[in-house]
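Please open the model in your viewer and keep the sequence panel beside it. The stops below go from one selection to the next.

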Amino acid sequence: MISSTPALLIIDMQKAIDDPKWGRRGQPQTEANLQRLLEAWRERRLPVVHVRHDSTDPQSPYRSGTAGNEFKAEVEPQIGEPVVDKRTNSAFIGTDLMDVLDELQIRTLVVGGVLLENSVDATVRMAANLGFEVIVPEDAVASTDRTDLQGRLWSAEDVHALTLAVLQGEYAQVKTTDAVIGMLP
């Protein structure tokens, strides 16, 4: 069981993530599992917060005013669900996320979305440092292939596994979508 009312925080699940610019993405089940989490939260009337990336880079598919900036249909916000607009990787920097969570009296966050090794990671680390209990459903976050500084290509699956291993324990509890749903009040 989760110790306090959990908010579902969905990060950057916008059409831009399907742009070829990001390279090969792993975890094709991410959208379906986020949809399952959303249904569980909405059935229980638990708080859901959506984070929208409004890139300031003129070349970014996440740029405000473009089709890529729109939320994916699977996770479209409903009326009454807060949307936090961000311009950096962490959803806490330069946003009203903390105000939203304080108003909702949230101390537990379940964080899903994209990219695990970027905005999800930055947000999870900051949330943990701010004292939140953080849970990451490993099958409701996605990663992409990455090339390291020596030119070695790391698969999205390896990037995903390593990022989750680093977050586990110190910054978050890593669970499956089924386990998270099973923990809900």
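Begin by selecting β1 (residues 6-11), α1 (residues 30-43) and β2, which together form a right-handed β-α-β unit; right-handed here means that, with the strands pointing away from the viewer, the path from the first strand over the helix to the second runs clockwise. Helices (H or I, at least four residues) and strands (E, at least two) are DSSP runs, numbered from the N terminus. This is a predicted model, in which local features need pLDDT of at least 70 and side-chain atom pairs count only at pLDDT 80 or more, while totals for chains, interfaces and linings use all residues. Residues are numbered from 1 along each chain as its sequence is written, and side-chain values use heavy atoms, with hydrogens and water left out.

Stay with β2 (residues 48-53), where five of the six residues are buried, that is, under 20% relative accessible area with a 1.4 Å probe and protein chains only. β1 pairs with β2 in the parallel sense over four bridges, pairing being counted when DSSP finds at least two bridges between two strands.

Next, select β4, α3 and β5, which make a right-handed β-α-β unit. β4 and β5 are parallel and pair over three bridges, with V110 opposite I135 in β5. Four of the five residues of β5 are buried, so this strand is largely enclosed by the rest of the structure. Three bridges join β5 to the parallel strand β9 (residues 173-175), where K175 stands opposite P137.

Now show the side chains of L9, L97, L101, L109, V111, V124 and V134, which have the most contacts inside the largest nonpolar core, a set of 28 residues. Such a core consists of buried Ala, Val, Leu, Ile, Met, Phe, Trp, Tyr and Cys residues joined through side-chain atoms within 4.5 Å. Among the elements that each supply at least two of its residues are α2 (97-103), β4 (108-114) and α4 (156-167), and the largest share, five residues, comes from α3.

Technical notes. Buried < 20%, exposed > 50% of the residue type's maximum accessible area, 1.4 Å probe, protein only.
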